[in-house]
Amino acid sequence: MAIGENRNIVIVGVGSLMSKSLAIWLASQGWNIALVSRSERNLSAIAAEVRQAQNGKGGKVIYRAADAGEPTILRATLDWCAQELGGKLDVLSYNAARVALSSVTELTPDELEQDFKVAAVGTLVAGQWFADGNANIDRIAEGEWPVFLVTGGVLDKEPVPALASLSTVKAASQTLSRVFAQELPDKAHILVGMPLITGRVVSPRESEYSPTFDADHIVRTVFRPFFEDRVGRRGGKAGWTVERVY
Ligand SMILES: NC(=O)c1ccc[n+]([C@@H]2O[C@H](COP(=O)([O-])OP(=O)(O)OC[C@H]3O[C@@H](n4cnc5c(N)ncnc54)[C@H](OP(=O)(O)O)[C@@H]3O)[C@@H](O)[C@H]2O)c1
């Protein structure tokens, strides 16, 4: 199903896994893409791979190094991305989190606070920024809605002791996403999508790799339906699926 060409997306939290797969797929569809994470070196390499996937379709691929856990920096970065992409965003993907082991008996207050800022405060700031006049609502009459896409899992409902901090902050981030999902369609004409991944996604080079949780496969099966369903919406927001658990 067509997902449109020459649309604008910012992906916040970009690494070698799902975010890169998403960017590569969208580049192949002619989307304009802004990539945001902290490592300029990684961003530069990923942007080069994304450009290679464009297949002659001339979308923009830009990137900016920034810490999404700092609200002022995140807002300024999102402003910069929208300006460079040349307009409002069709999709804002909030994907940043520190995916790392932590034990509840050793986790420090500072670590928990930092993780909370990236996962939860970043989700809040990104969602508010998007709703504050930065989503492209010009095509809603044609059935095409902007989407705030927040990547998550099931740690909010099934916390894992070895991921104590991530489980805790994801509970906050996913609750925020669910509240945004109730408020934004009416208040800002934005739909909210939550791709929720139940397994471990790692690179094919790692021993724990499973093809079921291959990043490209997940983008095709879980992310792609959000992009297909945001267009051709005859019933408006009715019937939109907020959470896709895989
Ligand atoms: N991997 C899994 O097994 C899995 C499973 C379920 C859900 N998820 C969720 O999926 C999302 C991550 O996707 P992924 O694991 O496939 O990784 P990914 O999309 O390849 O990369 C995520 C990137 O987020 C960036 N990031 C972390 N902290 C940041 C910050 N403060 N500001 C800006 N960027 C930041 C990191 O890059 P820098 O270090 O360069 O900033 C990291 O490479 C997370 O929300 C995670 O909770 C992952």
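Among the 28 residues around the ligand, those that come nearest are G13, G15, L17, S19 and R38. The model described here is a predicted one.

## The shell around the ligand

Which helix gives the most to the shell around the ligand? The answer is helix α1, formed by residues 18-28, with 3 residues in that shell. By class, the shell comprises 11 nonpolar, 12 polar and 5 charged residues.

## Helix packing

| Helix pair | Axes come within | Crossing angle |
|---|---|---|
| α1 and α6 (residues 215-229) | 8 Å | roughly 65 degrees |
| α3 (residues 71-85) and α4 (residues 109-134) | 10 Å | roughly 40 degrees |
| α4 and α5 (residues 164-188) | 9 Å | roughly 10 degrees |

The pair of α1 and α6 may be taken first. The axes of these helices cross at roughly 65 degrees, and that makes α1 roughly perpendicular to α6. The crossing in which α1 passes α6 is right-handed. On the side of α1, the contact is made by M18, S21, L22 and W25, and on the side of α6 by A215, D216, I218, V219 and F223. This contact of α1 with α6 has 7 nonpolar, 1 polar and 1 charged residues.

Helix α3 contributes P71, L74, R75, L78 and A82 to the contact, while α4 contributes V121, G122, V125, A126, W129 and N134. By class, the residues of the contact of α3 with α4 comprise 8 nonpolar, 2 polar and 1 charged.

How do α4 and α5 lie, and what is the angle at which their axes cross? The angle is roughly 10 degrees, and α4 and α5 are therefore roughly parallel to each other. The contact of α4 with α5 has 13 nonpolar, 6 polar and 4 charged residues.

## Buried residues

T123 belongs to helix α4. Is T123 buried or exposed? Because 27 other C-beta atoms lie within 10 Å, T123 is buried. Leaving aside residues up to four places away in sequence, T123 touches Y94, V150, S173, L176 and S177. A separation in sequence and one in space can be given for T123 and H217: they are 94 residues apart along the sequence, and their C-alpha atoms are 25 Å apart.

T151 is placed in the loop between β5 (147-150) and α5. T151 has 27 other C-beta atoms within 10 Å and is therefore buried. With residues up to four places away in sequence not counted, T151 touches M18, N95 and P195.

L191 is part of strand β6, which covers residues 191-196. L191 counts as buried because it has 25 C-beta neighbours inside 10 Å. For L191 and W240, the distance between C-alpha atoms is 7.8 Å, across 49 residues along the chain.

## Residues with positive phi

Most residues other than glycine have a negative phi. N6 has a phi near 55 degrees, a positive value in a residue other than glycine. N6 is located in the segment before β1 (8-12). It counts as partly exposed because 15 C-beta neighbours lie inside 10 Å.

N55, which is not a glycine, also has a positive phi, of about 55 degrees. N55 is found in the loop between α2 (40-52) and β3 (61-65). Why does N55 count as exposed? The reason is its count of 9 C-beta neighbours inside 10 Å.

Definitions and conventions:
Residues numbered from 1 in each chain as written. Predicted model: local features only at pLDDT ≥ 70, side-chain atom pairs only at ≥ 80, totals over all residues. Near = placed C-beta within 6 Å. Helix = DSSP H or I, 4+ residues; strand = E, 2+ residues; numbered from the N terminus. Nonpolar A, V, L, I, M, F, W, Y, C, P; charged D, E, K, R; others polar. Axes fitted to C-alpha atoms, helices over the stretch in contact; angles between N-to-C directions. Contact = placed C-beta atoms within 7 Å. Buried ≥ 20, exposed ≤ 12 C-beta atoms within 10 Å, placed from the backbone. Parallel < 35°, antiparallel > 145°, perpendicular 65-115°, else oblique. Left-handed = near helix turned anticlockwise from the far one by under 90°.
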